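This report describes selected features of the structure shown below.

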Amino acid sequence: MELKIPRVLLLLLLVAVAALISLSSAASPTADDLVAELETLRSQSPSGVIHFDDSSVARFLTSAPLPRPYSLLVFFGASKPDHHLRRLRSEFALVSSSFAAHHASSRRVFFCDLEYQESESSFSLFGVTSLPDIRHVGPQHRSLRDSDRMDQSDFSGLAASMAQFVEAKTSLPVGPIVRPSLISPRQIAFLAVALLISAPFLIKRILEGKTMLHDRRLWMGLTVSVYFLGVAGLMHNIIHKIPMYVKDRKDPNRLIFFVKGFGMQLGAEGFAVGFLYTIVGLIVAFATHVLVRMRNEAVQRGFLLAAMLVVFWAVRKVIYLHNWKTGYTVHTFWPTRWR
Amino acid sequence: MMAIAEAKGASALRNAFGGILGVFILLLIGIFAFSIRLFSVIKYESVIHEFDPYFNYRVTQYLTNNGIYDFWNWFDDRTWYPLGRAIGGTVYPGLTLTAGSMWWLLNSLNIPLSVETVCVFTAPIFSANAAWATYLLTKEVKGTGAGLTAAALLAMVPSYISRSVAGSYDNEAVAIFALILTFYFYVKTLNSGSLFYATLNALSYFYMVCSWGGYTFIINLIPMHVLLCIVTGRYSSRLYIAYAPLVVLGTLLASLVPVVGFNTVMTSEHFSSFLVFVIIHMVALVYYIKGILSPKMFKVAMTLAVTIGLTVCCAVIAIFIASVASSPTKGWSGRSLSLLDPTYASKYIPIIASVSEHQPPTWPLYFVDINVLAFLVPAGIIACFSPLSDASSFMILYLAISAYFSGVMVRLMLVLAPAACVMSGIALSEAFDVFTRSIKFQAGDINSESSIAQNDVSNVDSNATTDKSETVSKEPSRKNHEKEKEQEIVKKVTSKSQNGKKLLVLPQEVSAVVILLLIALGGFYVGHCVWTTATAYSAPAIVLKSYTPDGLRVFDDFREAYAWLQHNTDVDDKVASWWDYGYQITAMANRTVIVDNNTWNNTHIATVGAAVSSPEKAAWEIFNSLDVKYVLVVFGGLVGYPSDDIDKFIWMVRIAGGVFPHIREQDYLRDGRYHIDAHATPTMLNCLMYKLSYYRFVETEAEGFDKVRRTEIGNKKFELTHFEEAFTTEHWMVRIYKLKLPKNRIQGKLKNKSSSETYSSNQTRARNTRRNPWQ
């Protein structure tokens, strides 16, 4: 008995829902009305991305008659998006506007976005549990859970892979992605004119040799910092988007700055070791070029002693860290006979 | 007078003695550079390493057997069957020609060495050459002492050793020498203004172009330096002589290399050199006019020229931008683009991003590859700035650019290594100079005069180049009064500093301790280099060793398999394997392969990938359509050799899926992970790679336990229907299968029915409905 009641209830519910759907579809506007409505909504948005909520999901997706005369691309967002999600949202808008530019008329593909705080129930309708998520709801999709989901791996490719996804699902080409340039044409023209006007003065100054470019210290600082950033593995951190530090999983209050393993490093770790690499050379250079010119022997002696300590510490620290990280130790390589 | 003559004689004697000692040290450095690379020969044997060197070896063999003209026109039909490959036009011939001429020379001197021996020892010989070239380069920048130190450091820098141990017969081995030599000639021309060295510079650049695709680094670095000199007001006629002949002669010579050809004028990598070529001519013209006109007239002419020049310049740049923008990658190759914008490759070109050599390095890698040099480089940079000369500014630029590039790609650590050696050599030599001077000066109070004279030898030497450059620059460029005054001041300062050098000392006892510490640092470097060379970089990858409690075990399975192929198969049989082993099969077994390590045709590779990721029957059809007789797989599960074909299988699936959409990566993954155990998907368990790897695996002592994946395999007992085992090596590392002959029609149909039931995925079933031409 305990089991049967829910089943009966469920059955009833199902019948009721089916009846409701059939009723609503009977009462709902025709397909053309829906398309016209969507088109007006789209024209109101600058990028062509329609903002959806629960009611519009019900109107255009759940209650629309099958097959729907349009397909929808839904971007799932949050009201307080993090940096990555915000970026993806703008890329999504970019795909939408590129699509709009490529298909001037009669396009039955609509781009829309949903926000979690506003339309929580729609999220559960789609079965979206984690962000970012992009779904394609084709004309034939009855249940929103069956809608095509964009692969997580495709998000790294940004607009280009989103466009591929759209092309694969709708079999309509998105066309070239039109990225708005960082500076507008007017600004470019202004910059060009400014450059043209200033060029004779700049050339004159360069010929006279009185620019910052002639300052030796600037170049020295620049070279040393390029070297520092190189050995600190900055490029590694940029390319793989490595954070400066991570939180310990076991103890969230503890921060981890150093990780083991040869092929990986954290941001702060790289800078710390890069600093150690650089400081030794700078101290040696200071001793050989600046300290020798000092007259006071006590200062020289004191500084050299301190410098030796620092250099010794830095080199040992790097050797120790390297050993800790990779398990590598240096051995002398003697012939077996000598041992 | 007598005293002066005596002093002169003494200093001449000292110079002569120093010269001989220097030559002796250089000789020792050369021997050291050569012998440290022999660990691989002593610990293993005189054998060519890894994959690409086998191809180079094969090309060299062809060259020595057939001569240069046949080599130039060689169309290789043993590879990329049925497409073949035009070798003459697609390889950098520098390495091959070098080794070939070395072999020819030795043979004409009646020293009968085999081609293989010459190939094995080419890299060590050229490392010694590279050390000597480093000496020359550093000597031009900062004098003999720094040169010797830098040469010694380069002789054993691990980054370079990793590419040049005996047996690693690859382009980089000679290219690094060519790179340093080109830089030496450039700096030498810059210091001397001699057209003779400029010509040599173009020739060594030509050698570099012949040897390695990395020549684009040179043709961008040198223009950058020239531009930097112009912008910072260091233009001189020596700069012009160093640069203009290089561009003209170098470009003409480079376009003679077939693999480069018209790229020298058509790709964006070379455009910067032409742009700077135009600029340097304009600047030269300005300096010339400045010399013949009065200052007032010059001002008028200048304003006129600048306005006309700018309009022309704008028009040219507009045309240039329009032509470049019309190509999709803006005329740059993917690799170069990923250097300029490091995030480019990871975004758009997965094939470049996936190669481990193209990953950005982390800090431990710097420690392994350049070790303590990483500490010394900043000191070298600062030493190069005091005083700044044309030559030292070039080294600074070289270091900065290569430090940035090495940060983007691990592979380019190799380009950073010479710069780091030169910089560290300069730093070490300056430090030793200061600290030994401090000890000596204070020790010999009585004999101070002579000790100062002695010490000054090196100072004069190191300052000589800069002084010379300043005096030479004065004459041809006709600088104005202001400049001359400035120079006088500079001269006064330098002479003052030389007089003051008597007092430029540090406390004696502390200096002694510092010297000891520096020696300890150097000792650590030597220890590290020797140890890493002996342990990490000397393994040939074709023969493997492992130390077990029972003692040393040697795995020579690869050569066993290739020898089997050579002796037991027909000379025209085609062998299919994953592309990693293509070069080795053609070189060692002399059999035709379908794909090899020159991955120029992605579709062909994807076809092989599709075959090994399909079920047996479909795979048989693909292989049969390519005339394949034997399939070779590498399997490490029995002995625990980690980089086998099962390990690479996910890449095969990915590459195949990129071309053949019916191969889907998801079919091979369970919960996003790659399994070969009981959780493996049916597609995985039925694919050819799984079957060929694990066929009869349960009969071994491992009883179906894969040592690499540390798990029991999912499907233990199965029979092969379309393939038969032809040969399995001693440790099961290489397994060779033969394609079964097509069955009779009726039998085939029956077989098909029974076997198709085991196929689970719908797609394979759909494929099975396609008719096999043999049935």
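The sections below go through these topics in turn.

## Model and confidence

The structure is a predicted model. Chain A has an average pLDDT of 77, and 80% of its residues score at least 70. Among the elements of this chain, the lowest mean pLDDT, 55, belongs to helix 1 (residues 4-27) of chain A. Helix 10 (residues 267-289) of chain A has the highest, at 91.

## Strand 3 of chain A and its partners

Strand 3 of chain A is mostly covered, with 6 of its 7 residues buried. Strand 1 (residues 49-51) of chain A runs parallel to strand 3 of chain A and is joined to it by 3 bridges. In this pairing I50(A) stands opposite C112(A) of strand 3 of chain A.

Strand 2 of chain A also runs parallel to strand 3 of chain A, and 7 bridges join the two. Here L73(A) is the residue opposite F111(A) in strand 3 of chain A.

## Aromatic pairs and charges over rings

Over all chains, a search of the whole structure gives 41 aromatic pairs. In the pair formed by Y70(A) and F110(A), the ring centres are 6.1 Å apart and the planes meet at 85 degrees; because an angle over 60 degrees counts as edge-to-face, this pair is edge-to-face. Y70(A) lies in the loop between helix 3 (54-62) and strand 2 (71-77) of chain A, while F110(A) belongs to strand 3 (residues 109-115) of chain A, so the pair ties together parts 40 residues apart in sequence. Both Y70(A) and F110(A) are buried.

In chain B, ring pairs link F635(B), Y690(B), Y694(B), Y695(B), F697(B), F718(B), W732(B) and Y737(B) into a cluster. Two tyrosine rings of chain B have a charge over them. The charged end of R37(B) sits over the ring of Y160(B), 5.1 Å from its centre. K545(B) lies over the face of Y44(B), 4.5 Å from the ring centre.

## Nonpolar cores

The largest nonpolar core has 187 residues, of which Y277(A), F183(B) and F558(B) touch the most other members. Helix 22 (residues 413-443) of chain B supplies the largest share of this core, 16 residues. Leaving aside residues up to four places away in sequence, F558(B) touches A541(B), I542(B), L544(B), Y581(B), V634(B), Y641(B), M733(B) and V734(B). A second, separate core of 50 residues includes A611(B), F623(B), V633(B) and M652(B).

## Helix 28 of chain B

Helix 28 (residues 602-612) of chain B is mostly covered, and 9 of its 11 residues are buried. The buried residues are H604(B), I605(B), A606(B), T607(B), V608(B), G609(B), A610(B), A611(B) and V612(B). They pack against helix 29 (616-625), helix 30 (645-659) and helix 32 (688-694) of chain B. One of them, A611(B), is also included in the second core.

## Surroundings of G89(B)

G89(B) is located in helix 4 (residues 87-90) of chain B. Its relative accessibility is 34%, so G89(B) counts as partly exposed. Leaving aside residues up to four places away in sequence, G89(B) touches W72(B), P258(B) and V259(B). The C-alpha atoms of G89(B) and L504(B) are separated by 60 Å, and the two residues are 415 residues apart along the chain.

Definitions and conventions: Residues are numbered from 1 along each chain as its sequence is written. Chains are lettered from A and ligands numbered from 1 in the order in which they are written. This is a predicted model: local features need pLDDT of at least 70, side-chain atom pairs count only at pLDDT 80 or more; totals for chains, interfaces and linings use all residues. Side-chain values use heavy atoms; hydrogens and water are left out. Rings of Phe, Tyr and Trp (its six-membered ring) pair if their centres lie within 6.5 Å; planes under 30 degrees apart count as stacked, over 60 as edge-to-face and the rest as tilted. Helices (H or I, at least four residues) and strands (E, at least two) are DSSP runs, numbered from the N terminus. Buried means under 20% relative accessible area, exposed over 50%, partly exposed in between (1.4 Å probe, protein chains only). A charge sits over a ring if NZ of Lys or CZ of Arg is within 6 Å of the ring centre and within 35 degrees of the ring normal. pLDDT is the predictor's confidence in each residue, from 0 to 100. Contact means heavy atoms within 4.5 Å. A nonpolar core is a set of buried Ala, Val, Leu, Ile, Met, Phe, Trp, Tyr and Cys residues joined through side-chain atoms within 4.5 Å. Two strands pair if DSSP finds at least two bridges between them.
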